[in-house]
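Student: I would like a close look at one part of this model. Please keep it brisk and take the side chains around it in turn.

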Amino acid sequence: MPPFWIVIRQLVEIEEQMATSKKVITREEWEKRLNDVKIRKEDMNKLVMNFLVTEGYVEAAEKFRMESGTEPDIDLATITDRMAVKKAVQCGNVEDAIEKVNDLNPEILDTNPQLFFHLQQQRLIELIRNGKVEEALEFAQEELAPRGEENQSFLEELERTVALLAFEDVSNCPVGELMDISQRLKTASEVNAAILTSQSHEKDPKLPSLLKMLIWAQNQLDEKATYPRINDLSNATLEDPTV
């Protein structure tokens, strides 16, 4: 038997030994442990409200407030204004978005030069998208170049954006991802987070973070035991452990 086959066989045997030495937790035992964990309904309601408010589902948040009696920690009217800003960026109407942000709170852009640069960068991208080459060059020179001189990272981002003008088919250029809708979404998310921060609200909902913690905890437990796992987070169904 060739030496490397011996090594592989030994590794397989070791893995089998480790697998058999893992603690096996039955569904009955696991469900009993879950039932022993007491979670207040009020805390669950706050978690749901936090998600609805942060993600901007104002109508759902209002309905949930009426049905559950859970009060949001910010004025629901401000969600509508925040979502209007986010939608404007997602649609490429950056100038309109900037005006709406300033109407909400002028200090948001005054105190966040990176956010303002990214909005201006998105304006430049939209000009290039619409084939306004001369206007794009003028805007880059007058509005973005001075900021690039003050910040090296801004200058690098500006150079990447202007590079779009060198290609007729931007979909095949090295920086073509700047023209993707995902770039708009990225900028919109940054604006959304800044507005939430200005309102003393968490910029990220708690629910996705808890789901990430669940995945991490299961991965850690996998090394020590077999147990009813949640593989499909959408329905949270427990799957029987495989021995």
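Which residues gather in a patch of negative charge on the surface?

Tutor: This is a predicted model, where local features need pLDDT of at least 70 and side-chain atom pairs count only at pLDDT 80 or more, while totals for chains, interfaces and linings use all residues. Residues are numbered from 1 along each chain as its sequence is written, and side-chain values use heavy atoms, with hydrogens and water left out.

The patch consists of Glu134, Glu135, Glu138, Glu142 and Glu143. Patch members have over 30% relative accessible area and no salt bridge; like charges are joined within 9 Å, and nonpolar side chains (Val, Leu, Ile, Met, Phe, Trp, Tyr) within 5 Å. Areas come from the Shrake-Rupley method with a 1.4 Å probe; for residues, only the protein chains shown count as cover. Asp and Glu count as negative, Lys and Arg as positive; His and the chain ends are not counted. A charge is placed at CD of Glu, CG of Asp, NZ of Lys or CZ of Arg.

Take Glu138. Its place is in helix α9, residues 133–150. Helices (H or I, at least four residues) and strands (E, at least two) are DSSP runs, numbered from the N terminus. Glu138 has a relative accessible area of 46%, so it is partly exposed. Buried means under 20%, exposed over 50%, and partly exposed lies in between (1.4 Å probe, protein chains only).

Now helix α8. Glu126 and Arg129 both lie there, 3 residues apart, about one turn of the helix. They form a salt bridge, with the closest N and O atoms 2.9 Å apart. The term requires a side-chain nitrogen of Lys or Arg within 4 Å of a carboxyl oxygen of Asp or Glu. Glu126 counts as buried because its relative accessibility is 7%. Arg129, at 27%, counts as partly exposed. The whole structure has 14 salt bridges.

Aromatic pairs come next. There are 3 in the structure. Rings of Phe, Tyr and Trp (its six-membered ring) pair if their centres lie within 6.5 Å; planes under 30 degrees apart count as stacked, over 60 as edge-to-face, the rest as tilted. Phe51 and Tyr57 are stacked, at 6.2 Å centre to centre and 25° between the planes. The ring centres of Phe117 and Phe154 are 4.4 Å apart and their planes are at 5°, so this pair is stacked. Phe117 lies in helix α8 (residues 113–129) and Phe154 in helix α10 (residues 152–162), so the pair ties together parts 37 residues apart in sequence. Both Phe117 and Phe154 are buried.
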